[in-house]
Amino acid sequence: MAVASLSICFSARPNLLLCNFSRPRINFAMTAMSEDPIRQWILTEGKATQITKIGSVGGGCINLASHYQTDVGSFFVKTNRSIGPAMFEGEALGLEAMYETSTIRVPKPHKVGALPTGGSYIIMEFIDFGGSRGYQAELGKKLAEMHKAGKSSKGFGFEVDNTIGSTPQINTWSSDWIEFYGDKRLGYQLTLARDQYGDSAIYEKGHTLIQNMASLFENVVIEPCLLHGDLWSGNIAYDKNSEPVILDPACYYGHNEAEFGMSWCAGFGESFYNAYFKVMPKQPGFEKRRDLYLLYHYLNHYNLFGSGYRSSAMSIIDDYLRMLKA
């Protein structure tokens, strides 16, 4: 406010004085923009001329989320002050892959980069939520359509490693799903549990399960499908038209049934599964494999949040060892 009043005061004086006063203001604005890559992108490639409001958005436990309102629309921005761009690059590649299937709605990613003071950011499409969460059949149908459309000729894995929560998720390509799931999913989490907690019991029993789980996949055709990878209720929303939206992915190409691994925290009902299986038919032995896919996420929660999740993971392992007589 003081700067504005001074410029008006000087405007009646010679032009030279006005120019000398104005130049630092322009330089200050350019410096501020270059020090804030989020603002810089929005006001250049984002085609905005003015940011009218910035507000915080709740819900996340790993990143800070903000809603940037501008004269050309809104942008959704996530920042993390302690993690480099690799995490958000993985998220952006996943969002882009899902977006390109033209099936279920996801926020389109725009830009990922490093923050000058450390950390990283991602800018994406802002979607206004608020529709009813009761349209589970539409969610099931759209999710199945994404699985059907999102195929990979490279096998099981993804273009980059990414994260499940804040845990690294290894996505090295493999032609064998059972090997991939045993090594890159269950095996990786079991190793973390042993190294972090000294839990040799769950490590050894878990590896016995991995060595004996192939029989659960008899007579099953497994094709690499594009998976969201972390589909729980917090990553599912509905837009103003009640269209389902999925966000915050941990994408990779895998067995479609693995998508239901977070169903214990997603609230999928009968209408969801009925609609899903109309598009992607249920395969033999689906019920026997369900807990195998829950196990990955229970192990991840054990590694992220502590011993409260250990008993659930160990119970699943023990049940399978009895079933398989291993």
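Predicted model: local features only at pLDDT ≥ 70, side-chain atom pairs only at ≥ 80, totals over all residues.

Me: Is K325 buried or exposed?
Reply: K325 sits in the segment after α10 (310-323). Its backbone has a positive phi of about 55° although K325 is not a glycine. The relative accessible area of K325 is 76%, and the cut-off for exposed is over 50%, so K325 counts as exposed.

Me: Thanks! Where does K47 lie, and what is its phi?
Reply: K47 is another residue that is not a glycine but has a positive phi. At 64% relative accessibility, K47 counts as exposed. For its place in the chain, look at the loop between α3 (37-42) and β1 (51-57). The phi of K47 is about 65°.

Me: Which residues of α10 meet α9, and how many charged residues does the contact have?
Reply: On the α9 side, the contact includes K288, R289, R290, D291 and L292, and also Y298 and Y302. Their partners in α10 are R310, S312, A313, I316, I317 and Y320. By class, the contact of α9 with α10 has 10 nonpolar residues and 1 polar one, and the number of charged residues is 5.

Me: And what is the hand of the crossing of α9 and α10?
Reply: Follow α9 as it passes α10 in your viewer. The crossing is left-handed.

Me: Helix α10 also packs on α7. What angle do those two make?
Reply: The axes of α7 and α10 come within 10 Å. Their crossing is left-handed. As for the angle, the axes cross at roughly 35°.

Me: Which residues make the contact of α7 with α10, and how many of them are nonpolar?
Reply: From α7 come A201, I202, K205, G206, T208 and L209. They meet R310, A313, M314, I317, D318, Y320 and L321 in α10. The contact has 2 polar and 3 charged residues, and its nonpolar residues number 8.

Me: What about α6 and α7: how are they arranged?
Reply: Helix α6 spans residues 177-197 and helix α7 spans residues 200-212. The crossing is left-handed. Since an angle over 145 degrees counts as roughly antiparallel, α6 and α7 are therefore roughly antiparallel.

Me: Which residues of α7 does α6 meet there, and how many residues in the contact are charged?
Reply: The α6 side consists of G182, L186, G187, L190, T191, A193 and R194. In α7 they meet I202, Y203, G206, H207 and I210. The contact divides into 6 nonpolar and 5 polar residues, and the charged count is 1.

Me: Now for W173. Which residues does it touch, leaving out those up to four places away in sequence?
Reply: W173 lies in the loop between β7 (167-169) and α6. At 28% relative accessibility, W173 counts as partly exposed. Its C-alpha is 9.8 Å from that of Y252, which is 79 residues away along the chain. The residues W173 touches are S152, K154, G155, F156, G157, F158, E159 and Y253.

Me: Last one: how much of the chain is buried?
Reply: The chain has 10 helices and 11 strands. Among contacts between residues at least 6 apart in sequence, 65% join residues at least 24 apart. Of the 326 residues, the share that counts as buried is 46%.

Note on methods. Residues numbered from 1 in each chain as written. Heavy atoms only, no water. Axes fitted to C-alpha atoms, helices over the stretch in contact; angles between N-to-C directions. Helix = DSSP H or I, 4+ residues; strand = E, 2+ residues; numbered from the N terminus. Parallel < 35°, antiparallel > 145°, perpendicular 65-115°, else oblique. Left-handed = near helix turned anticlockwise from the far one by under 90°. Contact = heavy atoms within 4.5 Å. Nonpolar A, V, L, I, M, F, W, Y, C, P; charged D, E, K, R; others polar. Buried < 20%, exposed > 50% of the residue type's maximum accessible area, 1.4 Å probe, protein only.
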